[in-house]
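Please look over the sequence and structure before reading on.

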Amino acid sequence: MSERRDLSWRAAETPDAPALETDSVTWSFADLADFAGRGAAYLRAKAPPGDVPIGLLLPGDERFAGWFHAIALSGHAVLPMNHRLTAAELAQQLETARVGLLLGAAGDARLGAIASRVPDLRVEIAPGFESLLAPQELQPTAVIDDSASLAVLFTSGTSGPAKGACLSWGNFKASARAAEERLGAAVYERWLACMPLFHVGGLSMLTRSVLFGGPVRLQPRFDATAVSNALEVGDISGVSLVPTMLSRLLAHRAGRRAPPGLRVLLLGGAAAAPDLLARALAAGYPVCPTYGLTEATSQVATAAPPTAGSAGANPMRPVLGTELRIMSGDREVSAGTPGEITVRGPSVMRGYLHDPDATARALRDGWLHTGDVGYLDVAGALHVLDRRDDLIVSGGENVYPAEIEAVL
């Protein structure tokens, strides 16, 4: 992958190709780059100086994607806000990240409450891109530094209260290269985004779209009927779901075979029950179980797409550039022995924003200590048991909730 693969590069390579699609609009890469350039010029006049994130509190539609790229082009990191949080929770994150500017949606009653809770914060209604003047030329900051923070994503991390994981454009590029190696040609084609864009999985789709030139069809929230209808058209190559979403999709389709054209169904976020995997595979869904976390820019270990008629999913193996170790204290354990999953590679975060102590606890000797429990088998495949904090000790024995759920 060449060094220069940002939005400006993509718009020059394939200006007329579709970038973002909704039920009402389609933006080409030229449109997206134009709107992002307008937004970046607007932000340079509005945002506080310095290396501070800009908060983004918008629904998961084309406006969110446009402002995500605009903030990046302005030279600031993006702080995508969880749209489901309360004003108090949002204000806490904005204070923790020391954000000076928040872009929100008209009619969001939380904005006033947030402004009153964070006195030094400037709250703006994100203007429509069409109303903004196009800049005469892009500033030098339009070339995004691979090592600078592209996004700050709040996560509970390996333990404790939510912390802002700092992810760079280089992290996202490494994650995209790993997805390309593991998932194949599907990364160059159309993906359905029905998961929140403020999560790392949603942002990964937006960045892969720029890197590989495939469009993203946006659905602001998961709805089994809407997802089924979109997939049934036959032009969706990939979709990311969590087990609950997949279960609802299968229930809605009531035994119908997988829609045509679907090459990859990434299944992550939680361990999937064996019965759910079996039902999905029997119906022809190309399920690729994946384990990942925000601090590693999504995928850490992912299964390759199954061959037609497979009765079981492929094993989850570390993705390109990622190393895994299973640790018990300071000692690496042998194959088949459970322990803490630790990760090293180019997709691992720079650290937690303004939290050197948490960063030092999570990143030790170049390894990210996830707090998750699993084991590597003799073939090197990862088996995830559960979050360390969920571990049940009964009669001196370690009992993992995933094992109980599998039995139930």
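Three cavities of 30 Å³ or more turn up in a search of the whole structure, which is a predicted model. The points below take up the second largest cavity, then helix α7, which gives the most to its lining.

**Second largest cavity**
- The second largest cavity holds about 50 Å³ of space.
- Its lining is made up of V187, E189, W191, M205, R208, S209, G214, P215 and V216.
- Sorted by class, five of these lining residues are nonpolar, two are polar and two are charged.
- Helix α7 supplies three residues to this lining, the most of any contributor.

**Helix α7**
- Helix α7 runs over residues 200–212, a length of 13 residues.
- From its first C-alpha to its last, α7 reaches 18 Å, close to the 18 Å expected at 1.5 Å a residue.
- Because 12 of its 13 residues are buried, α7 is largely enclosed by the rest of the structure.
- The buried residues of α7 include M205, R208 and S209, and M205, R208 and S209 are also among the residues that line the second largest cavity.
- Also buried in α7 are V200, G202, L203, S204, L206, T207, V210, L211 and F212.

**Cysteines**
- No disulfides are found in a search of the whole structure.
- A disulfide here requires two cysteine sulfur atoms within 2.5 Å. The closest cysteine sulfur to that of C194 is in C288, 15 Å away, so the pair is too far apart for a bond.
- Seen from C288, the closest cysteine sulfur is that of C194, again at 15 Å and too far for a bond.
- C194 is buried, at 2% relative accessible area.
- C288 is buried as well, at 0%.

- Most residues other than glycine have a negative phi.
- A254 is not a glycine, yet has a positive phi of about 50 degrees.
- A254 sits in the loop between α9 (243–253) and β12 (264–267), and is exposed, with a relative accessible area of 64%.
- D365, also not a glycine, has a positive phi of about 55 degrees.
- The loop that holds D365 lies between β20 (363–364) and β21 (367–376), and D365 counts as exposed at 76% relative accessibility.

Key:
Residues are numbered from 1 along each chain as its sequence is written. This is a predicted model: local features need pLDDT of at least 70, side-chain atom pairs count only at pLDDT 80 or more; totals for chains, interfaces and linings use all residues. Side-chain values use heavy atoms; hydrogens and water are left out. Helices (H or I, at least four residues) and strands (E, at least two) are DSSP runs, numbered from the N terminus. The expected span of a helix is 1.5 Å times one less than its number of residues. Buried means under 20% relative accessible area, exposed over 50%, partly exposed in between (1.4 Å probe, protein chains only). On a 1 Å grid over the protein atoms alone, a cavity is a set of points where a 1.4 Å probe fits but cannot get out, and a pocket is an open set with protein on both sides within 12 Å along at least five of seven lines; lining residues have an atom within 4 Å of a point. Grid points are joined across faces, edges and corners, and a volume is the space filled by probe spheres set on the points. Ala, Val, Leu, Ile, Met, Phe, Trp, Tyr, Cys and Pro count as nonpolar, Asp, Glu, Lys and Arg as charged, and the others, Gly among them, as polar.
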